[in-house]
Structure formats: structure tokens, C-alpha cells
Amino acid sequence: MTTQLSAGGAEVTVDQENGGRISSLRLDGTELLRQGETYGCFPMVPWCGRIELGQFRNGGVRHQMPVNAAPHALHGFGRDAAWKPVRTGPAEAAFVYDLAEPWPYPGRVTQTVELTESSLTLGLGIETYADSFPAQAGWHPWFLRRLGPGEEEVQLDFRADWQEERGEDHLPTGRRIDPQPGPWDDCFGMPYGVDVTLTWPGALELKITSRSEWVVVYDQEAEAVCVEPQSGPPNGLNTLPRLVTPVDPLEVTTTWTWRRL
């Protein structure tokens, strides 16, 4: 089952049965997101990127998550779950996903989707009604490198204050270094908020913004590039835990704004 939203020439499809992902974003009929087996834009909850060896601690308790990117656990469980629609309209919708085993803590995740003629705003909120637990939230979009056969490749433009040094195990080492040239599979710090521009020359400019200060950029595949705003760095459940408590939910938003060139 999918949910269709539209506003002017912008159309969004949400595949709620397959991770609550934005499976399609079309502008005047032009698709921006990769299709096929690895597709769309999925929410990363209750963590983003890799957890070292699939393990994290909450207080004195160590938890083991299933390893799905050996030897680590990758991108949380939300992308593999069915989400339930709780509100739908012509250009906006909301979906919920209840955290369950093998995640050790009960909680609820809400994703909101709001579309206009020139923007898409996504929101994620994680709340608990019982025990506090560390969590992260963010999005993993697969943007097409080319919007059509023979079209020019997308160009990425951003200014980060630092780059998380990446070790051979694909986890941040804990050192912050000056941003390096691509190609990237790296996390960057933007303390004043994520601000990344994708430009398909002669066709479209899309700006990704978020009040979060972390973004992962991945551009090592031939068909697509990823710009992933998120609430913390990879392995952040261990290195920079952010607790979700009954009085302090975790909330993160991102807005994509576009214009034709």
C-alpha cells in the first residue's frame, strides 16, 4: 500500500509497507530518486549509520543488535518495517512505527511528510512512554546521479566545519579533520545546520537543509548519490548518546527546496 501526495507539479509517493520510505519524488514528471532494489529515501531509526559490532550500552546494560553489515549493525529497523498511516491529506501525511524486538525498548516513531509546489519537509519524532534510551533519527535518500540518459551528472556543494575521520572499519575514529575532497562515504559537521545543494546542470537545483548539525555524504555508486541529514554521527549511540526520555522526545526535520534552472 502506498500514499500519494501532490502539490502543483510535485508528486510524492510514500511506500508505507516498505520502511515508510519516500519511494518517488517527481517534479513535472521527472523522477529525482533512484528506483529498483535500492530506492527512494528511507528513515533511519532508531539509529543512523553503523553501530560498532552491533553493540551499545544504556547505563550499565549492553545490548546486541543483529549484524547486517558485518561486523556492524546498519541504519536501524525502521527501513524494514511497515508504517501505519495516521493522517493523510492531498499534500501532507503522517505515519507511525512502534519500536519492537530486537530493539530492547518500547517506543513510537512518527514521520510527517509535507509537500508544496517547491519543497518537501520531512519530520521524525521518537518518543518513549517508559524507559529512557539512546536513539538517533535521520534520512537516507538515493538521488539520481543523472535525471535522464545523456544528462549531466549532479554536482554537490556544501561547506562543512569538519569531517569525521573514518577508520578502516568505516566508523569515525573520534578525530575531527578538515573536510577532504571526494569521493565520500563520510560524516560532516555543520554546527549551524545542514545546508547542501545538489545541482543537475541546466535542469534543477535542490537544497537540503536541517537544523541538525550532522550529514553523511555518500557518492561512490554509479547511479546515485546520498545526502543524509541525521541527529548524530555514525556509532553515535556509543560516542554521543542522545537519550529519549518520557519528557524529552527526539525530533528532527529536513526540508528539500527546489527550483528549475
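Student: How much space lies in the largest pocket?

Tutor: This is a predicted model: local features need pLDDT of at least 70, side-chain atom pairs count only at pLDDT 80 or more, and totals for chains, interfaces and linings use all residues. A pocket is an open set of points on a 1 Å grid over the protein atoms alone, where a 1.4 Å probe fits and protein lies on both sides within 12 Å along at least five of seven lines. Grid points are joined across faces, edges and corners, and the volume is the space filled by probe spheres set on them. For the largest pocket, that space is about 480 Å³.

Student: Which residues lining the largest pocket are closest to its centre?

Tutor: Lining residues have an atom within 4 Å of a point. The largest pocket has 28 of them. The closest to the centre are Arg-50, Leu-74, His-75, His-140 and Asp-185.

Student: Which strand gives the most to that lining?

Tutor: Strands are DSSP runs (E, at least two residues), as are helices (H or I, at least four), numbered from the N terminus. β5 (41–44), β18 (162–166), β20 (185–189), β23 (214–218) and β24 (224–230) each supply at least two lining residues. With 3 residues, the top contributor is β20.

Student: How many residues of the lining are charged?

Tutor: Asp, Glu, Lys and Arg count as charged; Ala, Val, Leu, Ile, Met, Phe, Trp, Tyr, Cys and Pro count as nonpolar; the others, Gly among them, are polar. The lining has 12 nonpolar and 6 polar residues. The charged residues number 10.

Student: Is Leu-25 buried or exposed?

Tutor: Residues are numbered from 1 along each chain as its sequence is written, and side-chain values use heavy atoms, with hydrogens and water left out. Leu-25 lies in strand β3 (residues 21–27). Buried means under 20% relative accessible area, exposed over 50%, partly exposed in between (1.4 Å probe, protein chains only). Leu-25 has a relative accessible area of 0%, so the class is buried.

Student: Which residues does Leu-25 touch, beyond those up to four places away in sequence?

Tutor: Contact means heavy atoms within 4.5 Å. Leu-25 touches Glu-11, Val-12, Thr-30, Glu-31, Leu-32, Leu-33, Trp-256 and Trp-258.

Student: Why does the Arg-175 and Glu-165 pair tie together separate parts of the sequence?

Tutor: A salt bridge puts a side-chain nitrogen of Lys or Arg within 4 Å of a carboxyl oxygen of Asp or Glu. The structure holds 15 of them. In this one, the closest N and O atoms of Arg-175 and Glu-165 are 2.6 Å apart. Because Arg-175 lies in strand β19 (residues 172–177) and Glu-165 in strand β18, the bridge joins parts separated in sequence by 10 residues.

Student: Which residues have the most contacts inside the largest nonpolar core?

Tutor: A nonpolar core is a set of buried Ala, Val, Leu, Ile, Met, Phe, Trp, Tyr and Cys residues joined through side-chain atoms within 4.5 Å. The largest has 63 residues. Those with the most contacts inside it are Trp-103, Ile-126, Leu-198, Trp-200, Trp-256 and Trp-258.

Student: How many residues are in the other core, the one with Cys-48 and Tyr-218?

Tutor: That core lies apart from the largest one. Ala-224 and Cys-226 are also among its members. The count is 7 residues.

Student: Where is Gly-232 found?

Tutor: Gly-232 is buried, at 2% relative accessibility. Beyond neighbours within four places in sequence, Gly-232 contacts Gln-136 and Trp-214. The location is the loop between β24 and α1 (236–239).
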